[in-house]
Amino acid sequence: MTSKVDSKEVGLVAGLNLFHFFLGTRDLHYGLWQDDLEVCIQNLPEAQKRYSDFLLSHIPAGVKRVLDVGCGAGGVATELLARGYEVEGVSPSPLLSEAAREQAGPAFKIHQGRFEDVSFADDEKFDLVMFSESFQYITLDTVLRDAALRLKPGGYLLICDFFKTNEKGRSVIGGGHPIDKFRAVLQASELEVLEDKDITALTAPNLDIVDQMGRELILPTFKLIGYAFGSNHPWLAKLIRWKYDRKFKKMHRKYLSGERNAQSFARFKVYRLLLLRMPEQ
Ligand SMILES: C[S@@+](CC[C@H](N)C(=O)[O-])C[C@H]1O[C@@H](n2cnc3c(N)ncnc32)[C@H](O)[C@@H]1O
């Protein structure tokens with residue numbers, strides 16, 4: 001029996017193809033919008049490069065072997081390899097792994113599967129385990145323990161991702177572990193916090209781009225298709241509208257209502273970079 005394809009994976013690959021075709025970027029993370037960079041889709045590749053540079057600038061001296069968990073299409077791994085690190089990846093998505101090998105080169109070793117499930121030899125240890133916008137996808141109760149198992153004594157964990165704030169109300173933007181729960185799990189671990197930076201203000205503008213795409217590209221395109229289809233096949237269009245009315249309304253609220261923007265992101269999410277360290281033993 002073939003297993004079901006995860007819709008999040010399909011979304012990531014569709015986004016990858018779209019942005020690669022139009023903008024030449026293969027990164028699957030947010031951009032870092034520093035003050036001098038105008039927030040517009042054309043500047044997304046530069047903002048994403050700044051994110052990668054910012055992330056990699058937090059790798060401590062002496063680190064050689066890196067495990068890139070949730071390596072996406074291999075953008076960060078390629079940067080790491082170019083800087084002389086030995087890198088292995090973890091990826092549950094065969095489609096993204098293929099793209100990662102294409103980008104990072106056939107020598108890039110990928111452990112295929114979810115981080116929760118992949119097995120490593122007991123003595124396979126890394127100087128640093130990295131989660132670049134992949135932390136939110138991995139089971140919170142076990143992720144720090146599993147990452148620590150892959151680290152040499154004194155090794156590091158680098159997490160760059162967003163979390164849910166305690167803000168009341170319903171957010172149309174999904175994703176992120178609850179920050180309080182993460183803090184509790186972190187406190188219960190033996191990891192020492194070396195850096196803990198809030199980059200919400202620099203990452204929130206990505207949502208303004210998503211909002212603009214929804215309003216100026218996706219909504220008019222759907223309206224056009226709906227208009228053409230409705231004129232040519234009025235009964236079928238009525239039937240589809242009736243059958244999928246609730247789904248369409250939900251999608252509209254989630255993606256096209258204008259609520260998916262920087263302001264809402266900054267209210268419901270907090271984007272942090274954390275550098276953690278295992279004790280020397
Ligand atoms: C937003 S992308 C980030 C990709 C890449 N790290 C980057 O910075 O461009 C999220 C990544 O997490 C991966 N992922 C999702 N669930 C995972 C899991 N349980 N274990 C490992 N990786 C996972 C996805 O396949 C994807 O590669």
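The model is predicted, so to speak of local features a pLDDT of at least 70 is needed, and side-chain atom pairs count only at pLDDT 80 or more, while totals for chains, interfaces and linings use all residues. Residues are numbered from 1 along each chain as its sequence is written, and side-chain values use heavy atoms, with hydrogens and water left out.

Let us begin at the ligand. There are 17 residues around the ligand, and H29, G70, F115, E116 and S132 come nearest; a residue is near a molecule if one of its heavy atoms lies within 4 Å of it. The shell is made up of nine nonpolar, five polar and three charged residues. In this sorting, Ala, Val, Leu, Ile, Met, Phe, Trp, Tyr, Cys and Pro are nonpolar, Asp, Glu, Lys and Arg are charged, and the others, Gly among them, are polar.

Which polar side-chain atom lies 2.6 Å from an oxygen atom of the ligand? That atom belongs to S132. G70 takes part through its backbone, where a polar atom is 2.7 Å from a ligand nitrogen. Pairs like these are polar contacts (N or O atoms within 3.5 Å; within protein, one must be able to donate a hydrogen and the other to accept it, and residues adjacent in sequence count only if both atoms are side-chain atoms). Taken alone, the ligand exposes 600 Å², and the protein buries 94% of that. Such accessible areas come from the Shrake-Rupley method with a 1.4 Å probe, and for residues only the protein chains shown count as cover.

Next come the salt bridges, each a side-chain nitrogen of Lys or Arg within 4 Å of a carboxyl oxygen of Asp or Glu. By this rule the count comes to 20 salt bridges. One of them joins the side chains of E88 and R65, at 2.8 Å from N to O. This pair links distant parts of the chain, with E88 in strand β2 (residues 86-91) and R65 in strand β1 (residues 65-69), 23 residues apart. Helices (H or I, at least four residues) and strands (E, at least two) are DSSP runs, numbered from the N terminus.

Are E88 and R65 buried or exposed? E88 is buried, with 12% relative accessibility, and R65 is buried too, at 19%. Buried stands for under 20% relative accessible area, exposed for over 50%, and partly exposed for values in between (1.4 Å probe, protein chains only).

R114 has salt bridges with two partners: E116, with the closest N and O atoms 3.7 Å apart, and D117, at 2.9 Å. Elsewhere, salt bridges that share partners join K49, D53, E79 and R83 into one network. R114 itself is partly exposed because its relative accessibility is 41%.

Now for the surface. A nonpolar patch there is formed by I225, F229, L236, L239, I240, W242, Y244, F248 and M251, with about 890 Å² of accessible area together. Patches are made of residues with over 30% relative accessible area and no salt bridge; like charges are joined within 9 Å, and nonpolar side chains (Val, Leu, Ile, Met, Phe, Trp, Tyr) within 5 Å. The largest share of the patch, seven residues, comes from α9. L239 is found in helix α9, and L239 is partly exposed, with a relative accessible area of 49%.

E133 sits in the loop between β4 (126-132) and α5 (140-149), and its phi is near 55°, a positive value in a residue other than glycine. Most residues other than glycine have a negative phi. E133 is buried, at 11% relative accessibility.

S93 lies in the loop between β2 and α4 (94-104) and is buried, at 4%. The side chain of S93 reaches the backbone nitrogen of L96 at 3.0 Å.

T200, in helix α7 (residues 200-203), is buried at 7%, and a polar atom of its side chain lies 3.0 Å from the backbone nitrogen of Y271. H111 belongs to strand β3 (residues 109-112) and is buried at 9%. H111 and T200 are 89 residues apart in sequence and 31 Å apart in space, C-alpha to C-alpha.
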